[in-house]
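Q: Hey, could you walk me through this one?
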Amino acid sequence: TTAYATLMLAGPADVDQAVARAGERGGRLLKGPFATYYGQWQALLADPEDNVFRLACVGLPPGVMAPALAAT
């Protein structure tokens with residue numbers, strides 16, 4: 001897979017709530033929620049038919065910092 005559909009939400013709390021609601025409706029959390037190096041709060045999920053998608057927002061929850069990229 002080279003790309004996932006990404007649903008952009010208003011803020012970190014919205015991502016967290018949508019993750020919980022997806023689980024209640026048969027979705028599966030694959031990863032997250034987590035901070036990306038580019039400053040988004042993101043989760044990777046699969047729907048009941050195994051279609052993979054992301055929930056994300058620009059910005060991080062209070063107290064969470066974006067991880068640094070490793071030097072190459």
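This is a predicted model: local features need pLDDT of at least 70, side-chain atom pairs count only at pLDDT 80 or more; totals for chains, interfaces and linings use all residues.

Q: Great! Which residues make up the largest nonpolar core?
A: There are 10: V15, V19, A22, A35, W41, A43, L45, F53, L55 and C57. A nonpolar core here is a set of buried Ala, Val, Leu, Ile, Met, Phe, Trp, Tyr and Cys residues joined through side-chain atoms within 4.5 Å.

Q: And which elements give two or more residues to this core?
A: Those are α1 (12-24), β3 (40-46) and β4 (52-58); helices (H or I, at least four residues) and strands (E, at least two) are DSSP runs, numbered from the N terminus.

Q: New topic: where does T36 lie?
A: T36 is in the loop between β2 (28-35) and β3.

Q: Is T36 buried or exposed?
A: Buried, because its relative accessibility is 4%, and buried means under 20% relative accessible area, exposed over 50%, partly exposed in between (1.4 Å probe, protein chains only).

Q: What about aromatic pairs, how many does the structure hold?
A: One. Y37 and Y38 form that pair, edge-to-face, at 4.9 Å centre to centre and 85 degrees between the planes. Rings of Phe, Tyr and Trp (its six-membered ring) pair if their centres lie within 6.5 Å; planes under 30 degrees apart count as stacked, over 60 as edge-to-face and the rest as tilted.

Key
Residues are numbered from 1 along each chain as its sequence is written. Side-chain values use heavy atoms; hydrogens and water are left out.
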